[in-house]
Amino acid sequence: MKNLKTLFAVSVLTVSFSALALFGIGEDKKDANQEAVEVKTAEECVIPAFAKAIGHEDQWLLHNGCPPREEEKKSDKE
């Protein structure tokens, strides 16, 4: 009988943790607008030499959350 209780308790815990993981209960969800508000400064968006050497300037900017180069050029003209 003791083994049956232990088996039942383990199975209930396993199912409950699986349900939490599946439905994402308990996750802190950030507001998508909050992430978009964060603007990088010009110093943070300086493209490093290795990215320039391999021709991945645009990918580096995108990966690091910087605005694309076309937008920077337009804002400099205005």
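Which residue forms a salt bridge with D58, and how far apart are the closest N and O atoms? The residue is R69, and the closest N and O atoms of the pair are 3.0 Å apart. R69 lies in helix α5 (residues 69-77) and D58 in helix α4 (residues 57-63), so the pair ties together parts that are 11 residues apart in sequence. R69 is partly exposed at a relative accessible area of 30%, and D58 is likewise partly exposed at 38% (buried means under 20% relative accessible area, exposed over 50%, partly exposed in between, with a 1.4 Å probe and protein chains only).

The model is predicted; local features need pLDDT of at least 70, side-chain atom pairs count only at pLDDT 80 or more, and totals for chains, interfaces and linings use all residues. Residues are numbered from 1 along each chain as its sequence is written, and side-chain values use heavy atoms, with hydrogens and water left out. The mean pLDDT (the predictor's confidence in each residue, from 0 to 100) of the chain is 78, and 71% of its residues reach 70 or more. Confidence is lowest in helix α2 (residues 32-37), with a mean of 52, and highest in helix α3 (residues 49-53), at 93. Helices are DSSP runs of H or I with at least four residues, numbered from the N terminus.

The structure also contains 1 disulfide, defined as a pair of cysteine sulfur atoms within 2.5 Å. The bond joins C45 and C66, whose sulfur atoms are 2.2 Å apart. C45 is buried at 8% relative accessibility, as is C66 at 9%.

Helix α1 spans residues 2-23 and reaches 32 Å from its first C-alpha to its last, close to the 32 Å expected (1.5 Å times one less than the number of residues). The count of buried residues among the 22 residues of α1 is 0. F23, in α1, counts as exposed at 60% relative accessibility. Helix α1 is followed by G24, which has a positive phi near 70 degrees.

Terms used
Helix = DSSP H or I, 4+ residues; strand = E, 2+ residues; numbered from the N terminus. Salt bridge = Lys/Arg side-chain N within 4 Å of Asp/Glu carboxyl O.
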